[in-house]
Amino acid sequence: MHAIVLAGGSGTRLRELTESITGRATPKQFCRFGGVSLLQETVRRIAPVASRGLVVVGPTWAHVARVQMRRHPGFRVLPQPQDRGTGPGVLLPLARILRREPEATVLVTPADHAVRDGDAFREGILRAERAVRDARAGVVLLAVEAAEPRTDYGWIVPGADIGAGLRAVDRFVEKPPADEATRLHAAGALWNTMVLVARATALRDLFSAACPDTLRFLEQAAARPPGERTEWLRRCYHLLGRCDFSRDVLGPARGAAVHAWPRSLGWADLGTPERLLAWLRDPNPARPPALS
């Protein structure tokens, strides 16, 4: 599999906390907690199942990302000239992967999550990969059994059982109000981790339906020689319309499947100061030993 690691967030919600920890306004994915950064931990976690990939970052942090990826030569850092939403953040590397290997399978993952059980995490990814290769689904999202009715997570409502541990995706719900979150939790809806495995062409089809102009723009960029491509993107990237991968691309999609990790996976999106602090205080954190 080719990995697409999304590490382009600016970390505004956690800026005060990360600055107090690191001494500078560092996006949390680059902060070294327990010896390694969240980005390094993410890549180490997925490397046994996806040993090559592209790490998407903002231009300010490209050098830091490259330094942190020295132990993972199969992962190249891909800077975005500016933030135009998570849609272009996924499509920029996807267009390059498709250009080189049209039949590729891709793993898309954020770079700022905590996972306690790495083995179970990888087994879920491999199960999704098998389903994609067996043509059970073109896109398989990986979700986790919900522990409580959270209003600050996205949710997936699963539908019919389609075999091999997968269910059809009935619908997505983004950060519901408290009463709806309670109903979702009671009905067995799942927390959306935003980790997915897909045929690259199936993911391209979703972008074609949701934001065709952005797709054409980035496919044209991928077709240019590397030196020319970089300069062209620098000059023209601001022309892209904003696109949210979850809301605009996945939300309207039909035919996706979902695999549910058990609650014991120990997953958390470290997107708020409260969740990050709780994770840092965990006596048994899911963090590898420090890198020398």
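Thr214 lies in helix H8 (residues 212–223), where helices (H or I, at least four residues) are DSSP runs numbered from the N terminus. The model is predicted, so that local features need pLDDT of at least 70 and side-chain atom pairs count only at pLDDT 80 or more, whereas totals for chains, interfaces and linings use all residues. Residues are numbered from 1 along each chain as its sequence is written, and side-chain values use heavy atoms, with hydrogens and water left out.

Thr214 is buried, with a relative accessible area of 7%; buried denotes under 20% relative accessible area, exposed over 50%, and partly exposed the range in between (1.4 Å probe, protein chains only). Apart from neighbours within four places in sequence, Thr214 is in contact with Pro88, Leu91, Leu240 and Gly241, contact being defined as heavy atoms within 4.5 Å.

Helix H8 also packs against helix H9 (residues 226–236): the two axes come within 8 Å and cross at roughly 150 degrees. Axes are lines fitted to C-alpha atoms, for helices over the stretch in contact, and angles run from 0 to 180 degrees between N-to-C directions. H8 is therefore roughly antiparallel to H9, given that angles under 35 degrees count as roughly parallel, over 145 as roughly antiparallel, 65 to 115 as roughly perpendicular and the rest as oblique. The crossing of H8 and H9 is right-handed; a crossing is right-handed if the near helix is turned clockwise from the far one by less than a right angle, and left-handed if anticlockwise. Phe217, Leu218, Gln220, Ala221 and Ala222 of H8 meet Arg229, Trp232, Leu233 and Cys236 of H9. This contact of H8 with H9 comprises 7 nonpolar, 1 polar and 1 charged residues, with Ala, Val, Leu, Ile, Met, Phe, Trp, Tyr, Cys and Pro counted as nonpolar, Asp, Glu, Lys and Arg as charged, and the others, Gly among them, as polar.

Helix H4 (residues 86–100) and helix H7 (residues 200–210) pack at an angle of about 135 degrees, their axes lying 11 Å apart. H4 is thus oblique to H7, and passes H7 in a left-handed crossing. On the H4 side the contact is made by Gly87, Val90, Leu91, Leu94 and Leu98, and on the H7 side by Ala200, Thr201, Leu203, Arg204 and Phe207.

The count of disulfides, pairs of cysteine sulfur atoms within 2.5 Å, comes to 0. Cys211 is in no disulfide, the nearest cysteine sulfur, that of Cys243, being 3.6 Å away. Cys211 is buried, with a relative accessible area of 9%.

Notes. Helices (H or I, at least four residues) and strands (E, at least two) are DSSP runs, numbered from the N terminus.
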